[in-house]
Amino acid sequence: MLKKGIRDILSASKDAGWVLEPEAKRLFSLAGLDVPRFTWATTVEEAVRFTRKISYPIVMKVVSPRIVHKSDTNGVAVGIASDGDAAETFDRFSRMEGFAGVLVEEMISGLELMVGAKIDYQFGPVILLGIGGTGVEIYRDVSLRMAPLRQTDVESMVKGLKAGRLLEGYRGSEPINLSELTRLLVTFSGLVMGLQEFIESIDLNPVICSPNKCVVADARIMLKVS
Amino acid sequence: MNLKALFKPKTLAVIGISLTNDRHPANVIYNKNNLRFQAEVFPVNDRGGILQGEPVYPRISDIPKKVDLAVIAVRAEGVPDIMAQCIQAGVGGAVVISGGFAETGRRDLQDLMVSLAREADFPFIGPNCLGIYSPPSMDTFFLPSERMVRPETGTVALVSQSGGILVDHMTKFAEEGVGLSLAVSIGNKAQIRELDMLGYFASDPTTEVIAFYLEGFEHNEGREFVLAAHRCPKPVIVLKSGKSPGGVRAVSSHTASMAGDYEVFSAVLSQHSVVEAKNEFEMVSFCEALSCYNRPIEGRVGIITVSGGHGALAVDTCFTHGLSVPTLSEGAQAEIREGVSPRVRAIASYSNPIDLTGSAVDDDFVAAAKFLSDTDEIDCVLILLLPYTPGITSDLGARLSQICRQEGKPLIAYVPHVEKYRIFIEGFELNRIPVAHSIEGAVHMAEAMRRCKAC
């Protein structure tokens, strides 16, 4: 059974056909996944005030129901380090189509993975794990499994990635926290089972993994066209 | 639904017999069953009459015995009425050969038939299918027997959406010595579908391997199928067509773009230990291997050859199919060396592949096979047998088979498939050792065992 907060987010997003990033992050946070500390600011002052809580450098992203792929329209700015930069970026975003505010969030570093879900016609909910970032469709290094996932499915998904060794720590880099990744995937797959009537697909890209945790740094939920 | 009457009927009615056209599908079916199969068969045609001295029954209810299976081969428009009559008469089930339903836009007729059958809990196969090949009981294929190549009776059940693919695979089974328990063409699969067939064959004592050719599943049907296949104690093999995407669809997410229909299909099958055959060659090899062995292997292959080239090609092929060819330990190599005849001892190589050279005699093969069957260093033996080497005799296939049956480790043989070498091939096959007609085919067989965790 879905939490009320989750159902509310889904029904409020119905008309747009997809869930805006701040709302998607709130949804995943309600479901028990780690997301960066963030706020959805509609004024420069709000944005700058929030940076006092998370401290620079920060990430800013445009929020607009008209912009699904933010980085394609330069709607993502990372490494913003001062109030001046923040104000300037806010101003730039505010002129974009359908502007509905700015997502301000802490910057997370680590290995970029991608986690996704799709409601397949023949098999129902399926989960994807892959090497993440903006180049996902170039590398196409992904593992697919039918949901819900068990722990052993996650192990075999990691093994199935060509770049799976990157997760184990490669040439001096520390291994990512595999039990946190497992927790994320198992929790996510359970959530997707509950969401299958509502959604078409979900991209969590990137999910940033470090030795401590796995954080959903960007999220997009495409809703089922009714 | 009780499917037993469908597949093992004692009495059979063929509905739609022609008194004027001997080549009518119903007549072909009637004739072959009347002359060559065990089920008692009755011809039915609403005009009655006499066919080859036997009375033709105007209605199914006129038949003096209880009918287990009705084969319906009348025009599509007439099928629902005939089915209602069958239900009324207490027939056990039907095969609807006739076409002209959903495949030609008459989904209404098909739906009518399904609702009649569902209400009466009446099982039927088809429409638009060849039906069931179930020797020695009966055969509903409208193909003259003399035109068919019939495989030996064995343990593989074949289920296919396409009748043509089914018959083609039966031909290949016959050629490769794969035994068949039952073959079913399910056509439009209006009522009985892959999932029902899986359920039936999972508990059919004559079937040990279940193989499907399929084009696709309906909404969420694939999910039920793989979950059922996972629970099934017998190996399940699937060959799918329609892998290429049918046109580019606009997708707005990376996941939807990278998790295409076929990518999902293939990944989900393997997640549930269903062995996916990528093409018809793999299909036949996988069926052959899994009908001989029912234990999974890790895939550490030991190779015995008399030709360095064959050994090298086999190693390469193993590697590309996810199998390993581990180098044997010093101790193991010394032991094999000790076991072979003095003539080959100095010239053979023992590291894996074991190359016994063209001077090898039967006893050298036997010594090497005995050792490999016994050692934990490998878990599958591949013998590349070239019958033209002068030192070996025609007993070799049977002798090697006995060794591996004794130890219980899977043995796969490659023997060139020409008539002249049939005695070698049969020496293996009659002892239930799979024989491939190419090195690659032999490696496919090992791969099937590695991928089939459920077997």
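**Two chains, question by question**

Q: In what order do the 4 strands of the open sheet in chain A stand, and is the pairing parallel or antiparallel?
A: The order is E2-E5-E3-E4 in chain A, and the pairing is antiparallel. Strand E2 (38-41) and strand E4 (76-80) of chain A are the edges: each has a single partner strand, so one side of each lacks a neighbour in the sheet. On average, neighbouring strands of this sheet are turned by 20° against each other, direction ignored. This is a predicted model, in which local features need pLDDT of at least 70 and side-chain atom pairs count only at pLDDT 80 or more, while totals for chains, interfaces and linings use all residues. Residues are numbered from 1 along each chain as its sequence is written, and chains are lettered from A and ligands numbered from 1 in the order in which they are written.

Q: How do you know that E2(A) and strand E5 (residues 102-106) of chain A are joined?
A: Two strands pair if DSSP finds at least two bridges between them. Here 4 bridges join E2(A) to E5(A), and the two run antiparallel, so the pair meets the definition. A:Trp40 stands opposite A:Leu103 in E5(A). Strands (E, at least two residues) and helices (H or I, at least four) are DSSP runs, numbered from the N terminus.

Q: Which helices lie across strands of chain A?
A: H2(A) lies across E2, E3 and E5 of chain A, at about 145° to E2(A). Helix H4 (residues 83-94) of chain A lies across E3, E4 and E5 of chain A, running at about 175° to E4(A). Axes are lines fitted to C-alpha atoms, for helices over the stretch in contact, and angles run from 0 to 180 degrees between N-to-C directions.

Q: What are the domains of chain A, and how many residues of each are in contact?
A: The assignment gives domain 1 (4-34 + 109-223) and domain 2 (38-106) of chain A; such bounds come from an automatic or database domain assignment. Between domain 1 and domain 2 of chain A, 8 residues of the former are in contact with 8 residues of the latter, where contact means that C-beta atoms, placed from the backbone, lie within 7 Å. Helix H2 (residues 21-30) of chain A supplies the largest share of the domain 1 side, 3 residues. That side divides into 4 nonpolar, 1 polar and 3 charged residues. Ala, Val, Leu, Ile, Met, Phe, Trp, Tyr, Cys and Pro count as nonpolar, Asp, Glu, Lys and Arg as charged, and the others, Gly among them, as polar.

Q: What does chain A bring to its contact with chain B?
A: 26 residues of chain A are in contact with 22 residues of chain B. E6(A) gives the most to the chain A side, with 5 residues. By class, the chain A side holds 13 nonpolar, 5 polar and 8 charged residues.

Q: Why is H5(B) called oblique to H10(B)?
A: The axes of helix H5 (residues 163-176) and helix H10 (residues 280-292) of chain B come within 10 Å and cross at roughly 55°, and that makes H5(B) oblique to H10(B). Angles under 35 degrees count as roughly parallel, over 145 as roughly antiparallel, 65 to 115 as roughly perpendicular and the rest as oblique. H5(B) passes H10(B) in a right-handed crossing; a crossing is right-handed if the near helix is turned clockwise from the far one by less than a right angle, and left-handed if anticlockwise. B:His169, B:Lys172, B:Phe173 and B:Glu176 in H5(B) meet B:Met283, B:Val284 and B:Glu288 in H10(B). The residues of this contact divide into 3 nonpolar, 1 polar and 3 charged.

Q: What makes strand E16 (354-355) and strand E19 (435-436) of chain B stand at the edges?
A: The open sheet of 5 strands in chain B has the order E16-E15-E17-E18-E19, with parallel pairing. E16(B) and E19(B) each have a single partner strand, so one side of each is left without a neighbour in the sheet. Strand E15 (residues 301-305) of chain B is joined to E16(B) by 2 bridges, and they run parallel. The bridge partner of B:Thr305 in E16(B) is B:Asp355.

Conventions:
Two residues are in contact if their C-beta atoms, placed from the backbone, lie within 7 Å.
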